Amino acid sequence: MAYDEDLVERIREVIATTKGVTEKRMFGGLAFLVNGHMTVAAKRGDGLLARCDPQDTEALVAKAHVNRMVMGGREMDGWLSVDAEGVRTKRQLEPWVKRALAYAGSLPPK
């Protein structure tokens, strides 16, 4: 199953003025990188993968529709999986993308 093209377009709208953004197909979805750091992605199927400060993970997974990303059977702090229901509107999507952009922007360029 492919990623949600509408979600990709909505992500592009939010990051349109951000410098250093590239797109890359990863994990069956489409990822957006800032200065070489994966920031957000439209997941295979539906929903969003968003990067955050690992220290914020616990508080953020307490929100509706949010879980830690699981990779290789391990839950990963600093990576959030947001269900499609949690990013249906611009009002829902924008804070996740902006949070991920802020964190990725705080990292040194690769």
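**Exercise 1.** Work out which residues of α1 meet which residues of α3 in this predicted model.

*Solution.* Start with the ground rules: residues are numbered from 1 along each chain as its sequence is written. As the model is predicted, local features need pLDDT of at least 70 and side-chain atom pairs count only at pLDDT 80 or more, while totals for chains, interfaces and linings use all residues, and side-chain values use heavy atoms, with hydrogens and water left out.

Next, look for contacts (heavy atoms within 4.5 Å). On the α1 side you'll find Leu7, Arg10, Ile11, Val14 and Ile15, and they meet Lys90, Leu93, Glu94, Val97, Lys98 and Leu101 of α3.

**Exercise 2.** Describe how helix α1 and helix α3 cross.

*Solution.* Grab the two axes, which are lines fitted to C-alpha atoms over the stretch in contact. The axes of α1 (residues 5-15) and α3 (residues 90-105) come within 10 Å, crossing at roughly 60 degrees. So α1 is oblique to α3; oblique is what's left after under 35 degrees (roughly parallel), over 145 (roughly antiparallel) and 65 to 115 (roughly perpendicular). Finally, the crossing is right-handed, with the near helix turned clockwise from the far one by less than a right angle.

**Exercise 3.** Find which residues touch the most other members of the largest nonpolar core.

*Solution.* Such a core joins buried (under 20% relative accessible area, 1.4 Å probe, protein chains only) Ala, Val, Leu, Ile, Met, Phe, Trp, Tyr and Cys residues through side-chain atoms within 4.5 Å.

Methods: Axes fitted to C-alpha atoms, helices over the stretch in contact; angles between N-to-C directions. Helix = DSSP H or I, 4+ residues; strand = E, 2+ residues; numbered from the N terminus. Buried < 20%, exposed > 50% of the residue type's maximum accessible area, 1.4 Å probe, protein only.
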